[in-house]
Amino acid sequence: MAMTDSTGSTWRYTWARQQNERRRRAYRTVERAWRRRDDELRRLRALAVGLRGTAAAGVGLPLALSPGEAVLWTMPGAQLVEVRHTAVLPAPDLVVEAEPGPLRHRLPDGVRATDAGIAVVTNRRLVLVGGRGRRDWAYGRMTGLLHDPAAPVTLIQVLDRRQTSGVLLPPGAAAEFRFVLTLAFADAIEQRPAVLAQLDELIAAHAESAPFRPAIATPAQARLSARLPGGRRTVAVAAALTLVVPAVLVESDPPVTPEVASAATAAPGPGVTPPRTGPPPSPSPSVVRERRCGAPPNPMGYDYCGGEPVRKPDHRVCDWFDCVPQFWAGRGYLVLCRDGAVSLTGGRPKPCAGHDGVRRTVYR
């Protein structure tokens, strides 16, 4: 037997079930992404604590290790790259990328590959053992280091070499290589605790961004627009037609001939009120349109006109606005994206990412 409300209808329960399922799917998607990043940050911290390397790890490599030198990481399939026009690179630092973006296997402009082989990170240097020879970058002589944000390329400058060179790695290995190289350089200047402290800050900040479970929609929250084909858009179109059709009918009245005009301006008959002269009366407050500046009608009073940005939206916001799939994971203020959806990412890095950017702010 179908559940019904006090009016004997079932559509409210159908609406609530669909809303809750949509909210659960969006929450699970956001939570999975959040957990993947949390696991990765904790893995990096464990690596930062335990990565020490051994000389035995270099057995079988075509590389002679110095006394006390230990191999931390190796990667076959690396390429040696050189820069045609050398520029000054930023000084090496200990920054751990908060959330590295995707990398494409390509060479930046002005960079060419000259050899291929095995990249080896030790506690004293980075080495590329290639088919044409060996290229070393000692940490103690590094003056510049740059990780390309769009390609898996790392460029290095050292004191004893005029030309800038570096390595090109497989995209899937670039993030791990950059982190291990940062650890190795930190060890060389006795600053590994600074890397650990930075990872602790990233883990704490990520914990604060954990997604909240969405509020549960109830049948009582269902609006009549949910029962109509097209939902709120149908209601909006119908409301627009109620304003447009009377105007069209007025403009389509037959033309007034001189005879009709003279008859209309003749003295009124008994019981007829003469026409009013002077300025027209002010419209009644009841017919003044609600100030929304293009925002859909909503009981929260949200509009695009101006005022205070909405940082804690009402739980009904997605019943009246088109929300992005991961809406409740946002940590900013309410904005309208260029594709027509609203997002809670205003004031954050890359607001409305994947939705063509921000069109305007939503105010209360």
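This is a predicted model: local features need pLDDT of at least 70, side-chain atom pairs count only at pLDDT 80 or more; totals for chains, interfaces and linings use all residues.
**Group meeting: a helix pair and a buried threonine**

Let me start with two helices. Helix α2, residues 171–188, packs against helix α3, residues 192–208, at an angle of about 135°, and their axes are 7 Å apart. Angles over 145 degrees would count as roughly antiparallel, and 65 to 115 as roughly perpendicular, so α2 and α3 are oblique to each other. On the α2 side, the contact is made by Phe179, Thr182, Leu183, Ala186 and Asp187. On the α3 side, the residues are Arg192, Val195 and Leu199. By type, that contact divides into 5 nonpolar residues, 1 polar and 2 charged.

Now the chain as a whole. The protein has 6 helices and 10 strands. It has 364 residues, and 37% of them are buried. If you take contacts between residues at least 6 apart in sequence, 60% join residues at least 24 apart.

Is Thr154 buried or exposed? Its relative accessible area is 1%, and buried means under 20%, so Thr154 is buried.

What does the side chain of Thr154 join up with? It makes a polar contact of 2.8 Å with the side chain of His147. Leaving aside neighbours within four places in sequence, Thr154 is in contact with Leu145, Leu146 and His147, with Ser165, Gly166 and Val167, and with Phe177, Arg178 and Leu181.

That is all I have for today.

Conventions
Residues are numbered from 1 along each chain as its sequence is written. Side-chain values use heavy atoms; hydrogens and water are left out. Helices (H or I, at least four residues) and strands (E, at least two) are DSSP runs, numbered from the N terminus. Buried means under 20% relative accessible area, exposed over 50%, partly exposed in between (1.4 Å probe, protein chains only). Contact means heavy atoms within 4.5 Å. A polar contact is a pair of N or O atoms within 3.5 Å; within protein, one must be able to donate a hydrogen and the other to accept it, and residues adjacent in sequence count only if both atoms are side-chain atoms. Axes are lines fitted to C-alpha atoms, for helices over the stretch in contact, and angles run from 0 to 180 degrees between N-to-C directions. Angles under 35 degrees count as roughly parallel, over 145 as roughly antiparallel, 65 to 115 as roughly perpendicular and the rest as oblique. Ala, Val, Leu, Ile, Met, Phe, Trp, Tyr, Cys and Pro count as nonpolar, Asp, Glu, Lys and Arg as charged, and the others, Gly among them, as polar.
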